[in-house]
Amino acid sequence: AEYMGDKFDSFKVELEQRLSKLSGIPYGSSDDSAQTNQHSALDRLDRRDHGKHGPSISDTILQHFQLPKVQSKSSRQAVRLEGTRQAREDGEEQSLEFDLRNINFSSCKCLLIIVKDVTQTKQISRLKALDHYKDQLLASVTHELRTPLNCIIPMITDVINDSSVPEISKESSLKPALNSAQLLMNIVNDILDYSRYKRNKLSLTFGEFELLDKMTEIYRLFEAQCKHKGIDLVLDICSTLPRKMFSDKNRLGQVIINFLSNALKFTSRGSIKVSVQPSISDNEFVQFKVTDTGLGIRKEHLIKLFTEFGKIEVAEHARLNPQGIGLGLMISNQLVTLLGGKSRIKVASTYGEGSEFSFELPLYAAQPFDTGDTVVKIPSKFKPRPIRVMQPCECKRILSVDDNDYNQMVIERMLEKLDFEVVKAFNGADALQIVDNPTGSGINPCKGSICYYFSLIVTDLQMPIIDGLQLIKEIRIMNGNISKIPIVLVSATGEEAQVKEGFDVGMNDFLC
């Protein structure tokens, strides 16, 4: 009544008349013998019967609520009607839901009608669907962008490493092209990680690794760039730390590389120092710290650093970092938390003097430098995934399966440098035919290989006809040694669900 206002009385009267005509008994009668007829009336509430009984209850609701369309769900006990109308003051669509059911009230058989405004619920559902489609679009676009970039970057690198190419051409054309491609790849990776972050799908792969080797690898990535700018790059690792660490080395590297990239952008003189030391407050944690003598950050801008697209737009910062999109530190902060960080990333900065970014991670380490040091146990929730050990063989032939010509070219170049013979298949169906009948494809057996033809299969995940996962399934159920061929699955996105499914169907390792 409150919802309909002065229209309620006429609506109520008309409903009573419709129900009386449908059942043949005045609605609200206390006569128990009316029960069956009342249920029969309810069964016919949504009938489009304009004969002797007149318009149905659905028609009555449609008319009084000015609904252009009604969807009906009927049962013995109730009728649910859903409709939409353009009736809001702002002109937006309004969604209404009606529940009609028989009830006993003061010994009378009555019809209960509940009217709900479900506009907001419908809008939330639509927004969730749109958000899901947006994430799918981001993942698809970033996948399609990474595929050509994975070809461009190694090809340019090959030419730069070619001694026959003049140095002047490398400096004026090739190196700027490589830097631009790597910048674009970093942006694509940030967008892909951002999409995963929004869906709580940031994946981690824990394993044991040499801490010094990983930090040296990162150092060498920036050594030449710092030298070119006249900046000292210092790597300081405490010698008493364990040699090995148990964590996700690639995600750890991603965070430190983000720190170093930012330090390099905003430092024009002085030094950048990477420090790896035992935590002062907890000997089971290690502190990673990057300190620079660059521009620094004003206090009022620090709060913006870890927000989505939190790029500092002050003129001096914008001049030194015109290409960033403001996702790197936000994603790094999330990764530190997922890696088991003691706290989030800490920042200390003085404008005009420099900045310091640091975080602490658990060691979960084994085999320290000093045999007298304590070995830290690995918590059960971070147990490493099982590693499928590939059987050693002498065969130097690899089957590469990918539907992209340029990817095949890159894989072939890389493997031929290692003295491997590469056989190419452009989809899973072709690969199955080659594996099942290699001699029919002109391939001779190799001595020492577990299958006598290939020592390894490298396959793309997304392919027409038969994709990488289905290819692995088919090979694993083949007869003989063919089913034992080690298989590496390659994907441009490396989603955690893909990795899990790959191991479930029998792959040996995963490359992203």
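In strand 13, E421 is the bridge partner of R397. The model is predicted, so local features need pLDDT of at least 70 and side-chain atom pairs count only at pLDDT 80 or more, while totals for chains, interfaces and linings use all residues. Residues are numbered from 1 along each chain as its sequence is written, and side-chain values use heavy atoms, with hydrogens and water left out.

- Five strands form an open sheet in the order 13-12-14-15-16, with parallel pairing; two strands pair if DSSP finds at least two bridges between them.
- The edges are strand 13 (421-425) and strand 16 (509-511), each of which pairs on one side only.
- On average, neighbouring strands of this sheet are turned by 20 degrees against each other, direction ignored; such angles run from 0 to 180 degrees between N-to-C directions, along lines fitted to C-alpha atoms, for helices over the stretch in contact.
- Helices (H or I, at least four residues) and strands (E, at least two) are DSSP runs, numbered from the N terminus.

- Five bridges join strand 12 (residues 397-401) to strand 13 in the parallel sense.
- I398 has V422 in strand 13 as its bridge partner.
- From strand 12 the chain passes through helix 10 to strand 13 in a right-handed β-α-β crossover, meaning that, with the strands pointing away from the viewer, the path from the first strand over the helix to the second runs clockwise.
- Helix 10 (residues 405-417) lies across strand 12 and strand 13, at about 165 degrees to strand 13.

**Nonpolar cores**

- The largest nonpolar core has 43 residues, of which I256, L260, I272, F288 and F359 touch the most other members; a core is a set of buried Ala, Val, Leu, Ile, Met, Phe, Trp, Tyr and Cys residues joined through side-chain atoms within 4.5 Å.
- Helix 7 gives the largest share of this core, seven residues.
- L260 touches I218, F222, L233, I272, V274 and V290, not counting residues up to four places away in sequence.
- A second, separate core of 28 residues includes A425, A431, I466 and I475.

**A buried serine**

- S332 is found in helix 9.
- S332 counts as buried because its relative accessibility is 2%, the limits being under 20% relative accessible area for buried, over 50% for exposed and partly exposed in between (1.4 Å probe, protein chains only).
- Beyond its neighbours within four places in sequence, S332 is in contact (heavy atoms within 4.5 Å) with V255, N258 and I345.
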